[in-house]
Structure formats: C-alpha cells, structure tokens
Amino acid sequence: QVQLVESGGGLVQAGNSLRLSCAFSGRPFSTYAMGWFRQTPGKEREFVAAISRVGGVTYYADPVKGRFTISRDNAQNTVYLQMNSLKPEDTAVYYCAAHLGLAVVTGDEYDSWGQGTQVTVSS
C-alpha cells in the first residue's frame with residue numbers, strides 16, 4: 001500500500017522560501033504521478049502542482065506559477081515542492097498525493113494522500 005509522509009512545513013515570513021518534501025513508499029514510485037494540493041479551513045482543496053512519472057511534465061496552478069517548483073527524485077522516492085516568494089495567501093495545509101498513471105490536476109483522481117503539513121506565511 002502507498003504511504004506518503006510530508007515534511008518541511010513551518011512558519012515563515014512573506015518573501016522567504018520553504019521546501020516541502022514527500023516521502024513515498026509501498027509501491028514502485030516511478031509508476032505514480034505526484035501532486036501537491038493545499039487547503040485552508042472552510043475552503044475547498046486547491047490544486048498546486050503536479051509532476052509526471054519521470055518528471056518530464058509539470059503543471060502549476062496560476063497563483064503559484066513562477067514561484068513554486070515541483071520536482072522528484074525517483075532514486076530517493078521523494079517529491080519536492082520548492083516555494084519561493086511566499087505570500088500570506090499561501091498559508092494552508094499542504095498535502096502530497098499520488099496517482100497511478102498520468103499527472104492530473106483534479107484531486108478526486110488521486111489514489112493516495114499524505115497527512116499534510118502546515119505552512120504559515122506571516123506578513
């Protein structure tokens with residue numbers, strides 16, 4: 001069974017950077033596309049970024065384009081989200097998700113989810 005464990009969240013000041021990591025285990029990592037989503041209390045889950053199985057294709061939500069970068073290291077079974085120029089609006093719980101197949105941007109299509117890691121950006 002797939003297990004996903006996020007790490008790297010925390011409290012940062014606006015304009016600074018943070019890198020989230022997601023450790024994948026339980027299945028062959030390279031058969032899964034990976035995604036990052038975020039959620040604020042009272043709001044629907046929001047797509048952030050996705051990456052294809054070998055990292056050749058990436059997708060980003062408009063609010064994070066140019067600031068966030070998703071990447072993966074298949075040798076380490078890890079997906080990353082580098083977040084630069086953070087804004088208070090980026091404050092949310094960030095979730096790592098895995099999809100058996102192609103990279104997609106709809107959360108309902110993902111097969112497995114991590115527990116989430118809190119990112120708080122102060123102004």
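Q: Hi! Before we look at side chains, what do buried, exposed and partly exposed mean here?
A: Buried means under 20% relative accessible area, exposed means over 50%, and partly exposed is in between, with a 1.4 Å probe and protein chains only.

Q: Thanks. What sort of model is this, and which rules apply?
A: This is a predicted model, where local features need pLDDT of at least 70, side-chain atom pairs count only at pLDDT 80 or more, and totals for chains, interfaces and linings use all residues. Residues are numbered from 1 along each chain as its sequence is written, and side-chain values use heavy atoms, with hydrogens and water left out.

Q: Good to know. How many salt bridges turn up in the whole structure?
A: A search of the whole structure gives five. A salt bridge here is a side-chain nitrogen of Lys or Arg within 4 Å of a carboxyl oxygen of Asp or Glu.

Q: Let's start with Lys65. Which residue does Lys65 pair with?
A: Lys65 forms a salt bridge with Asp62, at 2.9 Å from N to O. Lys65 is partly exposed at 48% relative accessibility, while Asp62 is exposed at 60%.

Q: And Asp90, what is the partner there?
A: That would be Arg67, with the closest N and O atoms 2.8 Å apart. Strands are DSSP runs (E, at least two residues), numbered from the N terminus.

Q: Are Asp90 and Arg67 buried or exposed?
A: Both Asp90 and Arg67 are buried.

Q: Switching to the backbone: what is phi at Asn77?
A: Phi is near 55° at Asn77, a positive value in a residue other than glycine. Most residues other than glycine have a negative phi.

Q: Where is Asn77, then?
A: Asn77 sits in the loop between strand 7 and strand 8, and is partly exposed at 27% relative accessibility.

Q: What about Ser85 and its phi?
A: Ser85 also has a positive phi, near 50°. Ser85 belongs to the loop between strand 8 and strand 9, and its relative accessible area of 40% makes it partly exposed.

Methods:
Helix = DSSP H or I, 4+ residues; strand = E, 2+ residues; numbered from the N terminus.
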